[in-house]
Amino acid sequence: MVGSTAPAPLRGMRWGIKASFLAYLAHLPDTAMSATDGAVDSPEGFVFPLEDASDFDARTGAGELRFRGDVRLRGHGGMLSVRFANPRVTVDDVGPWLSVEDAAGARRRVAALGTPRSAGGGGIEIPAALTAEAVACFNDVYPEGTGLDPVVIRGV
Ligand code: HEM
């Protein structure tokens, strides 16, 4: 991967999006990636520092964790342009979700999250599956429910 090599922050969320998608991008001739506004591109995935946990109840696991950072991926002469910015993990009546701001600046639920388990190296790891509303972000290549990389949260 490209971008900053600064050490990953201790409090935050790490997400590799989808390994096969990043592998595909790595083989395009003109891929450009950026990680800004606090996001860090690490070998294990993009790291987004914790921005706000005031709406999250650690005892019940309900509420919302807000993270900061802006990851953009471009290729195919700009035809491929995706943005995953300021991710939030929200636990509400419908379930746990991962949402991000997309290329148009709209907040979009990108993944339905599963049951957390302990992550190697500390924190928790949560399985993630593509939502119907984010299928278009990947050019309709992956169907709803496709497994994405798990979300890792630590230090929260
Ligand atoms: C000029 C336009 C495009 C062309 C010619 C193109 C071509 C291709 C080709 C040939 C593959 C198969 C690669 C392989 O199997 O190794 C592929 C896969 C894929 N493309 Fe594109 N693509 C284009 C635009 C886009 C756009 C706009 C997106 C939106 C994000 C996109 C997302 C994907 C994804 C997610 C895969 C599957 C990667 C994987 O998990 O293996 N493509 N594309």
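Predicted model: local features only at pLDDT ≥ 70, side-chain atom pairs only at ≥ 80, totals over all residues.

Numbering starts from 1 along each chain as its sequence is written.

**Stop 1: the ligand.** Select S20, F21, Y24, H76, M79, L80, V82, F138, N139 and V141, which surround the ligand (C-beta, placed from the backbone, within 6 Å of it). Now color α1 (19-26) and β8 (80-91), the elements that give two or more residues to this shell; helices (H or I, at least four residues) and strands (E, at least two) are DSSP runs, numbered from the N terminus. The top contributor is α1, with three residues.

**Stop 2: the core.** Next, pick M13, A39, F46, V71, A111 and V151, the residues with the most contacts inside the largest nonpolar core, which has 30 residues. Such a core is a set of buried Ala, Val, Leu, Ile, Met, Phe, Trp, Tyr and Cys residues joined through C-beta atoms within 7 Å. Buried means 20 or more other C-beta atoms within 10 Å of a residue's own.

Zoom in on V151: beyond its neighbours within four places in sequence, V151 is in contact (C-beta atoms within 7 Å) with M13, W15, V89, L98, L113, I126 and A128.

**Stop 3: the loop.** Go to T131, between β12 (124-130) and β13 (147-154). Is T131 buried or exposed? T131 counts as buried because it has 20 C-beta neighbours inside 10 Å.

Key. Buried ≥ 20, exposed ≤ 12 C-beta atoms within 10 Å, placed from the backbone. Contact = placed C-beta atoms within 7 Å.
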